[in-house]
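Please look through the model that follows, first as a whole and then residue by residue.

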Amino acid sequence: MLTIYEAVLCFFIYAILGWCVEVIYATVNSGKFVNRGFLNGPYCPIYGFGVLIVVICLTPVSGRLLPLFLGSVGLTTALELVTGFLLEKIFHAHWWDYSEEPFQLGGYICAKFSLLWGIACVLVIRVVHPVVMGLVHWLPRWLGLTLVAVFSVAFAADLAITVAGILHIRSNLRLMNRIAKELHNLSDAVGENLSDGVMDAMERTEKSKQELALRRELTGVELDELKAKAAQLSERYRTIMEERTFWTRRMRRAFPQLGEQLRERMKERLRRDR
């Protein structure tokens with residue numbers, strides 16, 4: 001059983017190794033370096049948590065291949081499903097999407113990657129983890145504790161910055177929703193004014209043309225005000241949609257499909273509310 005010290009140190013080691021795997025995979029696919037991962041630093045927490053869960057739960061069956069493999073598939077698939085679902089609820093977009101893979105569920109998980117994670121975890125438990133534990137035990141205690149403290153502070157600061165970025169995006173999305181509702185209300189108001197003008201024109205007689213002209217003049221002024229306000233709201237909507245911050249730029253580079261989904265969602269709202 002891992003001690004707290006060993007567990008925390010292993011978490012950071014596997015988070016860093018996972019980040020390296022993601023960077024290599026992205027480089028092979030895109031031909032350039034991409035800082036993959038949810039956070040800004042060189043670590044992917046999902047790998048750290050994933051390996052720790054597998055190590056803690058499956059070490060008792062590490063000597064039996066089939067239970068180890070099936071347990072790894074089940075645990076990593078559950079972790080990927082829960083993580084993907086929660087991230088979508090936060091960002092309203094998929095961070096990864098297996099929708100085009102066979103035997104997938106909601107785009108969060110698929111049979112192909114579940115099997116790959118199972119194979120990878122078997123290799124980790126039987127080959128990598130003994131080496132990692134040897135490194136942990138080889139490090140002087142004071143050095144290990146120093147590394148844990150440094151990584152923990154950096155991780156906490158990185159997490160705080162990322163959460164602030166998430167809250168900023170969520171705030172912008174809520175603001176965009178409010179603007180969209182205002183645009184919809186303005187659209188209704190303009191339509192009602194036009195409808196009233198048409199009905200008046202149909203109902204008025206020749207004797208009240210002067211009164212009708214005055215009514216139309218007032219309606220025109222009102223419509224101009226409504227259109228001006230609608231133009232201001234639309235411009236504000238576009239400004240928010242096109243906003244570029246360090247955090248949003250990095251997320252779009254690390255997860256291109258996430259940025260594309262957010263852009264398409266915003267553009268669709270803008271088209272719908274014109």
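In what order do the elements of the protein chain run from the N terminus on? The order is α-α-α-β-β-α-α-α-α-α, and the chain has eight helices and two strands. Here helices (H or I, at least four residues) and strands (E, at least two) are DSSP runs, numbered from the N terminus. This is a predicted model, in which local features need pLDDT of at least 70 and side-chain atom pairs count only at pLDDT 80 or more, while totals for chains, interfaces and linings use all residues. Residues are numbered from 1 along each chain as its sequence is written, and side-chain values use heavy atoms, with hydrogens and water left out.

**The chain as a whole**

Of the 274 residues in the protein chain, 40% are buried; buried means under 20% relative accessible area, exposed means over 50%, and partly exposed lies in between (1.4 Å probe, protein chains only). The accessible surface of the chain comes to about 16,300 Å², and 66% of this surface belongs to carbon and sulfur atoms. Such areas come from the Shrake-Rupley method with a 1.4 Å probe, and for residues only the protein chains shown count as cover. Among contacts (heavy atoms within 4.5 Å) between residues at least 6 apart in sequence, 73% join residues at least 24 apart.

Helix α4 covers residues 111–138, which makes 28 residues, and reaches 38 Å from its first C-alpha to its last, close to the 40 Å expected. The expected span of a helix is 1.5 Å times one less than its number of residues. Where does α4 bend? The bend, of about 45 degrees, is at Val128, and a proline, Pro130, follows within four residues; the bend at a residue is the angle between axes fitted to the seven residues ending there and the seven starting there. The buried residues of α4 include Phe113, Gly118, Cys121, Ile125 and Val136. His129 also lies in this helix and, at 10% relative accessibility, counts as buried. Leaving out residues up to four places away in sequence, His129 touches Cys10, Tyr14, Val55 and Val124.

Helix α2 (residues 45–58) has 14 residues, which should span 20 Å, and its end C-alpha atoms are 20 Å apart, so the two values agree. Among the buried residues of α2 are Pro45, Tyr47, Gly48, Leu52 and Val55.

**Aromatic rings**

A pair of aromatic rings is described by the distance of the centres and the angle of the planes. Rings of Phe, Tyr and Trp (its six-membered ring) pair if their centres lie within 6.5 Å, and planes under 30 degrees apart count as stacked, over 60 as edge-to-face and the rest as tilted. By this rule the count comes to ten aromatic pairs, and two of these are set out in the table.

| Pair | Distance of centres | Angle of planes | Kind |
|---|---|---|---|
| Phe11 and Phe155 | 5.9 Å | 90 degrees | edge-to-face |
| Tyr98 and Phe113 | 4.8 Å | 10 degrees | stacked |

Because Phe11 lies in helix α1 (residues 4–30) and Phe155 in helix α5 (residues 141–203), their pair ties together parts that are 144 residues apart in sequence. Phe11 is buried, with a relative accessible area of 8%, and Phe155, at 17%, counts as buried too. The other pair links Tyr98, in the loop between α3 (65–91) and β1 (104–105), to Phe113 in helix α4, 15 residues apart, and both Tyr98 and Phe113 are buried. Ring pairs also link Phe11, Phe12, Tyr43, Phe49, Phe151 and Phe155 into a cluster.

A ring can also meet a charge: the charged end of Arg141 sits over the ring of Tyr5, 4.1 Å from its centre. The rule here asks for NZ of Lys or CZ of Arg within 6 Å of the ring centre and within 35 degrees of the ring normal.

**Single residues**

Most residues other than glycine have a negative phi.

Cys20 is found in helix α1 and counts as partly exposed at 32% relative accessibility. The C-alpha atoms of Cys20 and Pro42 are separated by 7.7 Å, although these residues are 22 residues apart along the chain. Leu17, also placed in helix α1, is partly exposed at 39%, and its C-alpha atom is separated by 8.6 Å from that of Gly48, 31 residues apart along the chain.
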